[in-house]
Amino acid sequence: MKKLNPFQKKLKHHKKWRATNNIYGHEPKFDIICAYCGDDMVLRHSVIHTFENVMSYKCPSCSWFIRFRIFWGEEYLKGILNKFRHGEDFFVPVEDFMENEIIKQRLIDLGYW
Ligand SMILES: [Zn+2]
């Protein structure tokens, strides 16, 4: 059995997240729905720290923003950082933004594309 870091021993919420072993690091096993409008929230960024992956989600309709701190094994997180992010801890899924019509149009209006 893999050794857990001190945070994982105390917390159960990491069972609600799945390790993806790709550039994202993790994905939720539950739907992330905006508490204000009920829309599906969109991953805004994923940041890898030593013992955690911080996943932030934003509502495309009302811009409500939430952040999950997912405590995970250091070895796995280092692997994501080195294998998929070239050492860059901050990942913004820009390509995914274009799959959401509201976000896509907003970015075009702002002059990003
Ligand atoms: Zn909303």
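1. Two strands count as paired if DSSP finds at least two bridges between them. Helices (H or I, at least four residues) and strands (E, at least two) are DSSP runs, numbered from the N terminus. With those terms, a hairpin joins E3 to E4 through 3 residues.

2. On provenance: this is a predicted model, in which local features need pLDDT of at least 70 and side-chain atom pairs count only at pLDDT 80 or more, while totals for chains, interfaces and linings use all residues. Residue numbers start from 1 along each chain as its sequence is written.

3. Overall make-up. The protein has 4 helices and 6 strands, and from the N terminus on the elements run α-β-β-β-β-β-α-β-α-α. Two residues are in contact if their C-beta atoms, placed from the backbone, lie within 7 Å. Among contacts in the protein with a separation of 6 or more, 44% are between residues 24 or more positions apart.

4. The sheet. What is the order of the 4 strands in the open sheet? The order is E5-E4-E3-E6, with antiparallel pairing. E5 and E6 stand at the edges with a single partner strand each, so one side of each has no neighbour in the sheet.

5. Strand pairs. Strand E3 (residues 42–48) pairs with E4 over 6 bridges in the antiparallel sense, and in this pair His45 stands opposite Ser56. E4 and E5 are also antiparallel, over 7 bridges; Val54 has Arg69 in E5 as its bridge partner. E3 and E6 pair over 2 bridges, again antiparallel, with Ser46 opposite Phe91 in E6.

6. A residue is buried if 20 or more other C-beta atoms lie within 10 Å of its own, exposed if 12 or fewer, and partly exposed in between, with C-beta atoms placed from the backbone. Of the 113 residues of the protein, 15% count as buried. A nonpolar core is a set of buried Ala, Val, Leu, Ile, Met, Phe, Trp, Tyr and Cys residues joined through C-beta atoms within 7 Å. The largest such core has 7 residues: Ile48, Met55, Ile70, Phe71, Trp72, Leu77 and Ile80. The elements that give two or more residues to this core are strand E5 (65–71) and helix H2 (74–84). Leaving aside neighbours within four places in sequence, Ile80 is in contact with Gly25, Ile48 and Arg85.

7. Positive phi. Ser63 is exposed, with 10 other C-beta atoms within 10 Å. His86 also has a positive phi, of about 50°, and is not a glycine. His86 is in the loop between H2 and strand E6 (90–91) and is exposed, with 8 other C-beta atoms within 10 Å.

8. Tyr36. This residue is in the loop between strand E2 (26–28) and E3. Tyr36 is exposed, with 11 other C-beta atoms within 10 Å. Apart from neighbours within four places in sequence, Tyr36 is in contact with Cys59, Cys62 and Trp64. Tyr36 and Trp64 are 28 residues apart in sequence, and their C-alpha atoms are 7.9 Å apart in space.
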